Structures are given as C-alpha cells and as structure tokens.
2 protein chains.
Amino acid sequence: MEKPTLPKGTRDFGPAQMAKRQFILNTIRQVFQKYGFQPLETPAMENLTTLTGKYGVEGDQLLFKILNSGDFLKNFKSYLMFPNELSSSRSIFKDIARESKKQNFKTFDICLKSLKITLYKGDEIFEKIDEFYSQNSGVVESVYRNLTEGFISEEEFTDQIDLLFRNFATQYLLKRLTPSELVFNQSISLSEKGLRYDLTVPFARYVVMNRNEVTFPFKRYQIQPVWRADRPQKGRYREFYQCDADVVGTDSLICEAEIVLMIKEVFKGLGIADFSIKINHRGILSGLAELCAAKDQPAGQAGNESSLFVAIDKLDKIGEEKVKEELRSRGFSETSLSTLFEIVNFKGTTQQKIEFLSNKFSTTPTGQKGVSDFKAVLNLLSGYGATEEHVEFDIALARGLSYYTGCIFEVTINNVSIGSVSGGGRYDNLTGVFGLPGVSGVGFSFGVDRLYDAMEELKLFPQEAQISSKVLIAHFDAESQRYGLKVLQTLRANGIASEIYPDSVKIQKQLDYANKKLVPYSIVIGSEEVKSGLLAFKNMKTGEQTKSGIDDILKTLK
Amino acid sequence: MEKPTLPKGTRDFGPAQMAKRQFILNTIRQVFQKYGFQPLETPAMENLTTLTGKYGVEGDQLLFKILNSGDFLKNFKSYLMFPNELSSSRSIFKDIARESKKQNFKTFDICLKSLKITLYKGDEIFEKIDEFYSQNSGVVESVYRNLTEGFISEEEFTDQIDLLFRNFATQYLLKRLTPSELVFNQSISLSEKGLRYDLTVPFARYVVMNRNEVTFPFKRYQIQPVWRADRPQKGRYREFYQCDADVVGTDSLICEAEIVLMIKEVFKGLGIADFSIKINHRGILSGLAELCAAKDQPAGQAGNESSLFVAIDKLDKIGEEKVKEELRSRGFSETSLSTLFEIVNFKGTTQQKIEFLSNKFSTTPTGQKGVSDFKAVLNLLSGYGATEEHVEFDIALARGLSYYTGCIFEVTINNVSIGSVSGGGRYDNLTGVFGLPGVSGVGFSFGVDRLYDAMEELKLFPQEAQISSKVLIAHFDAESQRYGLKVLQTLRANGIASEIYPDSVKIQKQLDYANKKLVPYSIVIGSEEVKSGLLAFKNMKTGEQTKSGIDDILKTLK
C-alpha cells in the first residue's frame, strides 16, 4: 500500500498551526482594513505570458508551470506522428531510384534537389533537405552506390532512404524539442499557465484589466499563497503566504507614512516589541552613486551604479573591508571609496543624518529629493502624532532597486534568528509592462512564515489561540446523552462553540478528548444531573468543578 | 504591448465580490467552529500518486498537473543528450571496420553480436542491438559493403555506422516518450505533482500521515480553492472554493444530525429561507435494488444495481416515463418497475414514508438499516429541540454512491435557477486507499460559487457587506490636511476604519472617491474647521451634515 507523502517544500497546517496563522493573518487583515485597504483575490493560475519576464531570469526558472490539459497531449502527439507523413514521399524515392540507375552518381545530388523542390510545398521540415543531406551524405551515397552497383533493389533503396529521412525528421524534431522550447515555445508548448509567483504582478495585471472600473487612488490588500520552485530549506517553502498592501494612482507621501504606521500597528497587535523599520530612498542611493562617479557609467561597465548597490547591500553581511575589496575590483577609485564610506559610516541621530546628507548632496538633485522625501515622511508621522520610535534611516539599505524608485522599507525583528519579515517601497511604473504607463504606487508585504517562526522563537503565541469548542458535553448513558443535546443546543444558541462527545464511551475517554483538543470547559451529565438540572461544570485547566444550572454556566462562559 | 488576460475558467475577485464572498465564508466558518470543527489547510500541490486513481478515469483527466521544475529539465536533457554517449562506441565501430575488411560479409553479423555483448553492460538501450539491426540491416549492409569494397574509408564507415546508431537511439527514445508515458511514467515523467482536485482526498492523506497525532473523533473543516481542468461554462470554473466539514473516527448518528443543524444555521446566517435538505440512505437504495432483483446482478450485467441507481438519479430531470424506458432497456422486468415506482411515488409525510418503507423492507436488512438510521437522525434532531422543517426524505436521491455507505445529503435552494449548493454523506472507508482501513466518517460541503450566485439572484447581499473605510477625511489645503492626520489617528485609535484622501485635489473629487468606495461618512476640513475644531461630518447616504466635535463624531460612529 502506498504511503502518502507531501511534495517537497509544502506543508499541512493542522488545527494548532492554523490557529496561530489565523491570529497573524487576522491581525494583518484588520490593520489593512482599518487603513482603508480593500481586499482583492486573484486566481492561483496566471498565463505564462503574464508571469514570465517579470522576475528576471532566475525568477522565470522558479515558476511552477502547469501542463496543458487535453490540448497539450493532442499537440504533442501530432508532432510524434509527424515523421510518418514522410511516407508519402516513398514514391518519390522510388522515382529517384529508377532515374538514378539510368544515370551516373552525380545526378543523385540533382535528384535530391528536385526532391527538395517537391517537398518545399509541404511543412517547414521539408525545407531542411540541405541539412539532411549534409548530415547524411555519407550514408546516402553508400546506399546510392549499392543501388547503382546493383547490390540492392529499388525497393530496398527506397526502404533505406526512407529510413534515413524518417530518422532525420525525428532527430530534427527532437532537436527542436529542447527543454526551453518545450516550455516556452507557444506552438508546441507543454504549458501556458503558471502558478502565481508573487502578489504584485497579478495586482498590476488586475489594475490594467480593470482600469476603467477601479477607483483611484486604489488601495488594495491581498493575502494569498504564492509558489516558487526554490530549493526547499529551513524557513523557505515552495508554497507560502504573502500579505501585500499597495496604493496605486497617487504619489502622496502620506502613503509612505501610513506604511510605517501600519507596520507599527501590526507588530503591536502581534505583541512584537523589539523591531526596526529601516528606511532608505532610491534617490539617496543614486546621490551616493553620483558622488562615487558611478552614476553615468553604463551597466556592465567598471564602476557602474548597480555594482555599487550590490556591494553596499552586502555591508552588514560581509563587512566594510570585503565590500571595499569588491568595489576596488569593480573599478572604483580610492576617492570614491572614501567618499562612500564617509557617508555610509556617518553616525548620529536621524536629524543629524538628514543634515549631513543635505550638505553632502548639495550638488545632486536626485540625492536631495531622496533626503527631502524622507524628511517629509518623518514630518507627516509627527502630523499623525506618531513618534519616530522603531524608525531607522539606513543609507545602506538597497533592496529591490530594479523596481523601487522612491522610499524603500525593510523590517527586521531584533534578537531573533530570522531575516527581514516585511519590506516594500515606491515604484513609478507598476503597470507599464502591461501597457498602462505612469501608474505610481507604493506597497509593502508581510512574510507570514517568518513572522510565525519569529513569534514561536519569542514564545508570543497565546495558548488560547487554539481554535476549538469552549465546552465539551460528556455523558454516562443514552438518557444523559439525549439530555446533553438540549444543553448543547442552548449553549450554541447563545453563541458558544461547543460539542457533545458523539459516542458512548467511558467518561475519562471523553474528557481526554477535551484535554487533547484544549477545550477549556466540560459538562458531565449522568442520571442525577438529568433529574436535578444541576450540571457538573468543570474548568479543564484549573480542575475546579461546580454543580451549576445552565443559566449560571452561560454567565460564566459569556 | 501585450494585453493581459486571465486563464480560461479563472476569475479575479475585486473588493465588491470579496466582501460578498467573505460574508459567505465567514458565516460558514463561524458555524463550523461553533460546532467544534477545527481548521485544516493542505497545500495546493499534492503528489500525483496521492491524487490519481481517486476520482475515476474522468477525474484523472481533469487534474491540473504541474511540470517538474529544474529536475524535469535535467532529466529531459539527459535523455536528449543520451545518444551522444554512444560516441564512446566509435572505437568499437572502428575495430569492427578493421576486422571486417579482413573477413567476409557474414562476419559483420558476428561482429555486431560481439558489439551487443560489449554494450549489454551499459544502459538498457544497449540491449536493443537486435532491434537496431532488424530495423537498419539494409543500410548497415550497404555501408558495410562499401567498406569491404573499398569505396569508403574506415573513418567514413565509423561515421556512418555511428550516425545510424545515434538515429536509432534517438528514435527509440522518442518512441518511449509517448504522451501517456511523458505524463505518467515516473522515471521520465514531466509531472509528479498536481493541483488539489477536492478537499476530501487531501484530508484523507492528512489523517493517514498524522494518525498518531490526530485526536479522534477528528472534526475538521477546510475552506480552500480546488482546481479542475473542466470545460469552463456558466457557473463552472476551473478554480473554485470548497468548504468542507468532516468528522472521522466515529459512526455516531449525532454527526448526521449536526450536519442538518449546521446547514440550517448557515442558511439562517446567509438569510436564505426557502431551501430543502434532502436526505436518503445508501441502505434504502440497496433495499430498493433488492426488491427490484438488481442486488445480486454483477456490475455490467443487465438489471444490475448501479444501472438502477443511475436511472433513479435522473427521475427529476427526465421524468418517470423516460426512466422506465431506460430501465426496461437495461433488462428490468415490469414487476421490478412496478415495485420500484410504487415505492418512489409514495406520497405522504416523513412519518408515513418511514412506516411504508419499514413494511416494504421487511425482507431486506440493508433496507431496514437505512430506514432505522434515518429514523434515528430524526429522533436526535428532536433531542436537540430542532424541528424537521426543511428536511425532506428523498428516496430517489442517489449521489456519490461510489463512496457513500450511509446517509446521503443534498441541499437545494428553492425558486432559483441553481442546482444543489451543498451535499455530503457517510463513508465507511475514507482512508483505506492510503493504507488505513476502518476509518468511518461523515462529511458535507458547501459550494461557495453556487451560494454566491443564488444569493445574487435572491438579492440577499446587504450593501454594507462592502469592506471599506467608515470615514473619509477630505481637506481644502495643506494645513487642513495636516490637521486631518490627527483626526484620522484619533478615529483609528478608536478602532474605526478610516482614511484621508492622499492628494490635494478638489473637495468634490475627494467625495466622489468616498462615494465610489461606498464609504458611508466623510469629514471635510478647511481652515474654519481647523480653528474651531468643529468638523463638517456628513452621512454620504442621506446627505445629512452636522458640525461636530471629534467626540460626538466618535459617538455616532461607534
């Protein structure tokens, strides 16, 4: 008998995990809704044309692709059968054989050319006669010589040439079916659909498809699983939830300020106290690049912008010396390096950082824009009456630079072994790739699995998070079970989640069930309880037990 | 520029639909939880070994299969490259050439046999030398003759034989890659994973994999999408949600009674008043079959049980006469038909039906068991103090007979153009297919899309179901916007979902935004309001407007 397993990198969420996950998701959802975001859900499957080319080469490789159903098999079969169509050319081979025997060897070449013309009218493969001949000329000539020397009959000649053609056609087709063609070539594709890789691209697609119905500025949140064919490892799964909130159709920095507020509120709701919201700005990074003479270097060139950013992003992982080494090897001058590290290493309060950068960036408008946007966000926060607590100005934060054009966010929980649990930023051109330019937006995302792991590590989940009945009704016999049904109905009519043990088994087994399910209360009913109406009501945690009427029980439970 | 589209049979759910769907899902979820069911979520992807063979031949064809990522490409590539490995045998061909020239033609055959022995030790393909020779003997002999006659060199001989081998290997491999092998053969499969087809099989898999941790009786609910590669049509989608609740590990009929109670409670919550919970029992159908002499006919035989059930199931669609015709053509006697329709057409109250059937089934224990189970469920319902309202004893209900072994349920909403919106039943052997026999259970499922369509048709969705902010803050200028931030913070601190229009635009545009999003209240702030602290507070529905302090506004909104 087969022993069932789960696909690599996927998980079940049983009742205990579900309770914790729902606690996280509900907390996030409530904050999103409180800030005026509206829910959106998109299908798990998207067209590959929507997904590919949006996540870089690496991302494309991590897409889960769905086999075309029905249609695919038909298409594929027709390719497999295709070589058989060549059999109609047997008569032509025979003609060649007859003709060739009358002439000398050189004419065979001419005959093949005529064959080419004949076949040219058919499918594209027939155009490949030159390729066929250049590959098979040796064998063809051997076969041909045997014909003209009289070693084989016309029929045998035809068989042999036919076989060579079939093999060539097969070979040719198989060559066409390279893995990438199999997957991406529409005409013979195995797959035209893939599983959602993130929530941003489907959101962009939705906005473009519904541009006339959507109310802008459009504030949407989306909480759904995404799939990535990544190598599974600790904390990295092939199916995981993302929780995104984005506003598109406005460049107001109020949106950035509210992202900071929402992050704070979510963490408060989750009970996570020690965390940092790191903020940087694309303009500040561009300003840095300008000062390091990297701005105008074309991509791929020594000392260019992106190699600077890649190196900066590694600062907290590999340290200053290694980053310097890397930058030197990338063609950055010592002057650039000292300018860079004077800025990156500047210590001070946020206000001091802002003043320092304003001076440094006096010659770079992009740099100034970065600083002033950041100042404006802080100013807005104070307008809300919010403090700058948890907010950290991090000049070395350089994530998502291929799409972020304004503020960049990253949130880390301090003192846990988990990377960033949230991040986001402003992008100028979310929907351009789908033909709708000029839609500016800003968004951020929570990683549920990382939040979950962090909260486990910090022991922040309340045990009551378990979703279960509040009361189990246990019973000694058929009569008390029947009495229990009415009690149960009363509890439920008062909105109390409750259940009766369905079978007639020993009381202890019924109470064990309640304990295992973390049901906090039990009511045990026997013939005495049925008579008196006073029920044995037990707190399963404390063990405290009373004889109570149903009204008193309801009072305790409500 | 590409115009984005959605895959056939899939849908986006924008804010308006999401609100309605969440209303349905939350109603169902709350009832499930109130009855002591705990949540479970399983991954979208399951191993094909888990899924295939569970839904019949038709079901297998409707599975969405996921292309193997990475690994698949590697495997496939290795097959494509495999013929190259033959090049190591070039030296052998050369040996053959050298040897052959010394000897006569017949030895070539022997040489090939020796080649076979050499190659036999390698991969299986090398065993196919006989097949190769029988297919290629003509060409091989032509080439060989050219060698022995001195027309071609040893090198040319080697090239030509090598090519023939390569082509054969390619051909052979391609032959192996028939579509069905491509998909189902594990060793070279394109796909080993599929998308969840329903929630029952993943649940069974979960129970088996976690049999030692699960507390039995296990009451789980599961609300997740499933995917079917069905032809899309009105009301039938390729991705849709199911909401299942099952109890496994008990055969107590309390579970059946609670299914009836839960259905009633869900419909009450949804505001659907006119519906029927049709109940039948597998035993009653078996009893019918016995009386119609269909019981002991083997499957496929004239007059057998399943042809009886298939016909009965069509009664409400095609009517009595057509069903009779079908049954006659299936070999049922007139006596059987009159027995059948005497029972099926019996009119009366539920009690009268029970008495009538008890008499009719006096000779069939399975039939009696069906009647007594049904009676017991009704009796339990009265134990809960519940009426039999909405419950309908339907002897012709014959769904899911390949797995249901006890009670069978089906729920229809009256006076709407939609089929059944819920159904379920008891099964004796949920997990047997995964190696865990003897797990009895009973479950049922709601179809969210059908409920949605029915509620739209009945106009049952409250407009307030829209999920949006309760208040929009509009502002005349920068100063009033800044003042608005503080007001906003106060509203949110009091748990009121609210937002500020992020840009500085005309007041009318800001209020239009509120109207489009169905935000029920607005607060308009100008310089006067900033001075006085009395805000223009407007009910967007009635148009009623007051000048109120924030405390009064909070009182209205709470």
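What follows is a chat about a predicted model with two chains, A and B.

Student: Before we start, what kind of model is this, and which pLDDT cut-offs apply?

Tutor: This is a predicted model, in which local features need pLDDT of at least 70, side-chain atom pairs count only at pLDDT 80 or more, and totals for chains, interfaces and linings use all residues. Residues are numbered from 1 along each chain as its sequence is written, chains are lettered from A and ligands numbered from 1 in the order in which they are written, and side-chain values use heavy atoms, with hydrogens and water left out.

Student: OK, how is chain B related to chain A?

Tutor: Chain B can be laid on chain A with an RMSD of 1.3 Å by a turn of 179° and a shift of 0.6 Å along the axis, where the copies are superposed by least squares on the C-alpha atoms of residues with pLDDT of at least 70 in both. The two copies are thus related as by a two-fold rotation axis.

Student: And which surface do the copies use?

Tutor: Both copies use the same surface, since 99% of the contact residues of chain B recur in chain A; contact here means heavy atoms within 4.5 Å.

Student: Where does A:Ser252 sit, and is it buried or exposed?

Tutor: A:Ser252 is in the loop between strand S6 (239–248) and helix H11 (254–270) of chain A, with helices (H or I, at least four residues) and strands (E, at least two) taken as DSSP runs numbered from the N terminus. A:Ser252 is buried, with a relative accessible area of 10%; buried means under 20% relative accessible area, exposed over 50%, and partly exposed in between, using a 1.4 Å probe and protein chains only.

Student: What does A:Ser252 contact?

Tutor: Leaving aside neighbours within four places in sequence, A:Ser252 is in contact with A:Arg426 and, from the other chain, with B:Pro502 and B:Asp503. The side chain of A:Ser252 also reaches the backbone nitrogen of A:Ile254 at 3.1 Å.

Student: You mentioned H11; how does H11(A) cross H17(A)?

Tutor: The axes of H11(A) and helix H17 (residues 365–383) of chain A come within 9 Å and cross at roughly 60°, the axes being lines fitted to C-alpha atoms, for helices over the stretch in contact, with angles running from 0 to 180 degrees between N-to-C directions. On the H11(A) side, A:Ile254, A:Glu256, A:Ala257, A:Val260 and A:Leu261 meet A:Val377, A:Leu380 and A:Leu381 in H17(A).

Student: Switching topic, what about the sheet with S13 and S16 in chain A?

Tutor: That is an open sheet of five strands in the order S13-S12-S14-S15-S16 of chain A, with mixed pairing, where two strands pair if DSSP finds at least two bridges between them. Strand S13 (498–500) and strand S16 (545–548) of chain A stand at the edges with a single partner strand each, so one side of each is left without a neighbour in the sheet. Neighbouring strands are turned by 25° against each other on average, direction ignored.

Student: How many bridges join S12 to S13(A), and what packs across them?

Tutor: Three bridges join strand S12 (residues 471–475) of chain A to S13(A), and the two run parallel; within this pairing, A:Leu472 has A:Glu499 in S13(A) as its bridge partner. Helix H20 (residues 507–516) of chain A lies across S12, S13 and strand S14 (521–525) of chain A, running at about 170° to S12(A).

Student: Now A:Arg282, is that buried or exposed, and what does it touch?

Tutor: A:Arg282, in helix H12 (residues 282–291) of chain A, is buried, with a relative accessible area of 16%. Not counting residues up to four places away in sequence, A:Arg282 touches A:Glu305, A:Phe309, A:Leu401, A:Tyr404, A:Thr405, A:Gly406 and A:Ile408. A:Gly406 is 124 residues away from A:Arg282 in sequence, while their C-alpha atoms are 5.1 Å apart in space.

Student: Which residues of H13(A) are buried?

Tutor: In helix H13 (residues 305–313) of chain A, the buried residues are A:Glu305, A:Ser307, A:Leu308, A:Phe309, A:Ala311 and A:Ile312. Their cover includes H12, helix H14 (315–329) and helix H15 (334–344) of chain A.

Student: Last one, what is the backbone doing at A:Pro217 and B:His390?

Tutor: The peptide bond from A:Phe216 to A:Pro217 is cis, with omega near -10°. B:His390 has a positive phi of about 75° although it is not a glycine, and B:His390 is partly exposed, with a relative accessible area of 21%.

Notes:
A polar contact is a pair of N or O atoms within 3.5 Å; within protein, one must be able to donate a hydrogen and the other to accept it, and residues adjacent in sequence count only if both atoms are side-chain atoms.
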